[in-house]
Each structure stands twice: as structure tokens, then as C-alpha cells.
Amino acid sequence: MHLIDAVHAAFSLLFSGDAELWRIIWVSLKTTLAALVIATPLAVLAGYGLATHAFRGRRVVIWLVQATLSLPTVLVGLLLYLMLSRQGPLGELQWLFSQSGIIAGQVLIALPLLTAFSLAATQAADPRIAETAVTLGASRWETMLTVLHEVRFGIMAAVISGFGRVISEVGCAIMIGGNIAGQTRTMTTAIALQTSKGEFAQGIALGIVLVTIALLINAALVFAQGDTQTAGRSA
């Protein structure tokens, strides 16, 4: 298919309300958002704890968190596949080739990145913020919330980066989800499948959706940061 024809067909799929295309988009968004809802609180707490508490082996933990950022997602998929297979220790969950399995894999992929970003954001915070909160009688929980509020844009950037990494990964999704139409087929696995078949229209349409989502989310973050900075100058 000629490139121009493929692009035209892609836009036709998007605006015609093609059921298969939008089902793929829904599965991707559903699993990605579910993974982030699970991973974000855990990662933020872990990042804050690593940044504010000294303990034996802390540097090793931080090194391991940062090292896992470079792990290929297909390796995460392989390890999780072995865990979720019938003979694996988690085989009774029956999550293999299901959306639950995809979400589990995406949580494992997102956790290190979110933790590392949360750690960096908390370390960059002015230490006087926590000191002032404690002086005013704040509890540990209140102090943590105060610090996290101050670094909220760093946390938001972490979530956006995690969203981008999770929704765009393909290796783990294929191995754990199996690319089953209507159930576990995500945007990235569908793009890989359609490209291998020489059918580019759906792949281009899904690529357009991915780029649009990325632009909208990052625009929202930039807009929020701009409003805050403007309010700060006005004050």
C-alpha cells in the first residue's frame, strides 16, 4: 500500500469509529491506567523513604532501583511468564494471557522508573520544608505530604514518564498477554502484528493515537507548571 493511501486509510479508521481499533485503544488505556494506579502510590512512598531515611544497604537498594531501569521489558515478560505459567509459583492465579497479567507486567515495569523519579524529586526538595513542618508540630505523615506537595510537578513528571514507558512497551505485553484480539491486544502489539502482515493502516492509526496521547498529557503538565509559576510571580 502506498504511504499516502495508508495514511488516508488510517484516518478513515479513526473517524469511522472502527470497533476493533477502538477496542484495542481501550485495552491499552485500561491496562496502563490500572498499572499506574497500583504502582504510583507504592513507588512514591518508596522514593520518599529512600530519600529521607538512612539505613544499612540504602545505597545498594538505590543502585538496584536504578539498574532495573535499563532492563529490557521482554526480560521482565520472560520472568513473569515463568512465574505465571502452569508450573510456576503463581500459576494458580491464571493471569497468563489475560489483562490481569498485562497489568502485573506493567506494574513491574513502571515501579523502578516511578521510584527513581520520586527519589530524585524528593532529594531535590529544600530540606527546610520538612524541618519547618516538624517545627510546627506536623506528624511524619503530614511532613511527607507537605514535602510531596512541594515536589508535585516532579511526581507528575514521573507519572507521565511511567505512562509513556508502559503504554509504549511491547515485549512484556506480547509474552504475558499473547496478543489476543478483543482481550489482550494493545496498541503496540497490534502495530507489531499489522506491520508484520504488511497492513499499515491500522498501525498508523494507532501510532497517531499514541502520539496524540503523549502530546496531550505533556501539554497538561506544561500548562499546570506555567499556571503555578505565573501565580508565584504574581504573589
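**Helix packing, pocket and cavity**

Analyst: Where α5 passes α8, the crossing is right-handed (the near helix is turned clockwise from the far one by less than a right angle). Helices are DSSP runs of H or I with at least four residues, strands are E runs of at least two, and numbering starts at the N terminus. This is a predicted model, with pLDDT of at least 70 required for local features and 80 or more for side-chain atom pairs, while totals for chains, interfaces and linings use all residues. Residues count from 1 along each chain as its sequence is written, and side-chain values use heavy atoms, without hydrogens or water.

User: At what angle do α5 and α8 pack, and how far apart are their axes?

Analyst: The angle between α5 and α8, the latter covering residues 152–168, is about 155°, and their axes are 9 Å apart. Axes are fitted to C-alpha atoms, for helices over the stretch in contact, with angles from 0 to 180 degrees between N-to-C directions. The two helices α5 and α8 are therefore roughly antiparallel (over 145 degrees; under 35 is roughly parallel, 65 to 115 roughly perpendicular, the rest oblique).

User: Which residues make that contact between α5 and α8?

Analyst: From α5 come Q106, I109, A110, L113, L114, F117, S118 and A121, and from α8 come G154, I155, A157, A158, V159, S161, G162, R165 and V166 (contact means heavy atoms within 4.5 Å). The contact of α5 with α8 comprises eleven nonpolar, five polar and one charged residues. Nonpolar covers Ala, Val, Leu, Ile, Met, Phe, Trp, Tyr, Cys and Pro; charged covers Asp, Glu, Lys and Arg; the others, Gly among them, are polar.

User: And α4 with α5, at what angle do their axes cross?

Analyst: The axes of α4 (residues 73–84) and α5 (residues 99–124) cross at roughly 130° and come within 10 Å. That angle makes α4 oblique to α5. The crossing of α4 and α5 is right-handed. In this contact, α4 contributes T73, V76, L80 and L84, and α5 contributes G101, A104, G105, L108 and I109. Six of these contact residues are nonpolar, three are polar and none is charged.

User: Further along, how do α6 and α7 pack, at what angle?

Analyst: Helix α6, residues 127–135, and helix α7, residues 140–150, pack at about 145°, with their axes 9 Å apart. The crossing of α6 and α7 is right-handed. On the α6 side, I129, A130, A133 and V134 meet T143, T146, V147 and E150 of α7. Five nonpolar, two polar and one charged residues form the contact of α6 with α7.

User: Changing topic, what is the volume of the largest pocket, and which residues line the largest pocket?

Analyst: The largest pocket has a volume of about 230 Å³. Its lining consists of T68, L69, L71, V76, L79, L80, L108, I109, L111, P112, L113 and R165. A pocket is an open set of points on a 1 Å grid over the protein atoms alone, with protein on both sides within 12 Å along at least five of seven lines; a cavity is a set where a 1.4 Å probe fits but cannot get out, and lining residues have an atom within 4 Å of a point. Points are joined across faces, edges and corners, and volume is the space filled by probe spheres set on them.

User: Which element gives the most to the lining of the largest pocket?

Analyst: That is α5, with five residues. The elements that give two or more residues to this lining are α4 and α5. By class, the pocket lining has ten nonpolar, one polar and one charged residues.

User: How many cavities of 30 Å³ or more are there?

Analyst: The count is one cavity. The largest cavity holds about 30 Å³ of space, and S28, T31, T32, Q106, V166, I167, E169, A173, T186 and T188 line it. Helix α2 (19–52) and α8 each supply at least two of the lining residues, and α2 gives the most, with three. The cavity lining divides into three nonpolar, six polar and one charged residues.

User: Finally, how many helices and strands does the protein have?

Analyst: The protein has eleven helices and zero strands. Its C-alpha atoms fill a box of roughly 65 × 55 × 25 Å along the principal axes.
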